[in-house]
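Take a look at the structure below. We will walk through it step by step, from a hairpin to a helix to a group of rings.

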Amino acid sequence: MKKNIIFVVNPISGDLDKSDLVNAVTEFAITNHFDLEVYETSGKNDIKEIQSLYRQYNPERIIVAGGDGTIKMVAEAMEHHDVIIGILPAGSANGLSVDLNLPPTIEENLKIAFLNHYIEMDMICINGKKSIHLSDIGINADLVKNYEESNLRGFWGYALQAYSTIKDLDEPFIATISANNQTVVHTARIIVIANSQRYGTGVTINPNGVMNDGRFELVILKSLDIFLLGKIITGNMPIDSDDIVIISTDKATIKTDYPVNFQIDGEYCGEQTDLEIHILHKQMKIAIP
């Protein structure tokens, strides 16, 4: 008996043409005796459409071609269903696939997505919204906002926005953080809410992050001098630095002294002064190498 697979593809993620990828997935499914149903996201009612397809086909797996945003959307659609999600990295932000150590070739990723074992991965709930990877409040969210508003994409788009974001820095914000029955106050440039270790660029921001341990980390960067930035970007995250505080917990609140830009998994979410955060333990099944 053939097993059903739903293939969700985001046609515009990463500004990449997906036709070769769709052909490769279709061919792999036929060769390995899977019944494949292809769904292209439109940005309208995708969650309901995917839920409807799930009820119709009762798939063993859902394969996702897109970035972190597409994966998160499918995970939200499948919140109450027992299904394994396989990832084919194809977005502008592929942070989760970097953290899962997914290989570079489509051939290897097809085997993992269709056939490999899985982990039961946590998600984080922030003000009622789901995060699968890394969210933050502060300078990186400024960068995400500026990038979304600009016309230039890819590496140079990021580089240009990074330069102008750092050039136009606001004052640091003051954050009151409650976690683990303690309240602390820090002046910060950025607070990362981390379910994992690395940004999609490969930069490690949370060296001790584990995606299925029932906890998340708040990584507080109190200053952003060039020396510290250089260390982080080159992968030498100085966790013993006075400029970095890491809090591991399963729930927390953050209050800031003025509205600060905030992003979830590479998607800008406006200015915030209050964040309510808690872990959603073992929320989704993800195929891994």
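Start with the hairpin of E8 and E9, in which two residues sit between the strands and Asn 180 takes a positive phi near 55°. Keep in mind that this is a predicted model. Strand E8 covers residues 173–179 and strand E9 residues 182–188. The two run antiparallel, and seven bridges join them. Find Ala 175, then look across: His 186 in E9 stands opposite.

Now move to helix H3, residues 68–77. This helix is mostly covered, with eight of its ten residues buried. Among them are Ile 71, Met 73 and Val 74. Asp 68 and Lys 72 are on the buried list too.

Next come the rings. A pair of aromatic rings is described by the distance of the centres and the angle of the planes. The structure holds two aromatic pairs. In one, Phe 28 and Phe 114 are tilted, at 4.9 Å centre to centre and 45° between the planes. This pair links distant parts of the chain: Phe 28 is in helix H1, Phe 114 is in helix H5, and they are 86 residues apart.

Phe 34 and Phe 114 form a tilted pair as well, with 5.3 Å centre to centre and 45° between the planes. Phe 34 lies in strand E2 and Phe 114 in helix H5, so this pair ties together parts that are 80 residues apart in sequence.

Phe 114 has a relative accessible area of 1%. Phe 34 is buried as well, at 9%. Together, ring pairs link Phe 28, Phe 34 and Phe 114 into a cluster.

Technical notes. Residues numbered from 1 in each chain as written. Predicted model: local features only at pLDDT ≥ 70, side-chain atom pairs only at ≥ 80, totals over all residues. Heavy atoms only, no water. Buried < 20%, exposed > 50% of the residue type's maximum accessible area, 1.4 Å probe, protein only. Helix = DSSP H or I, 4+ residues; strand = E, 2+ residues; numbered from the N terminus. Pairing = 2+ DSSP bridges. Phe/Tyr/Trp six-rings, centres within 6.5 Å; stacked < 30°, edge-to-face > 60°.
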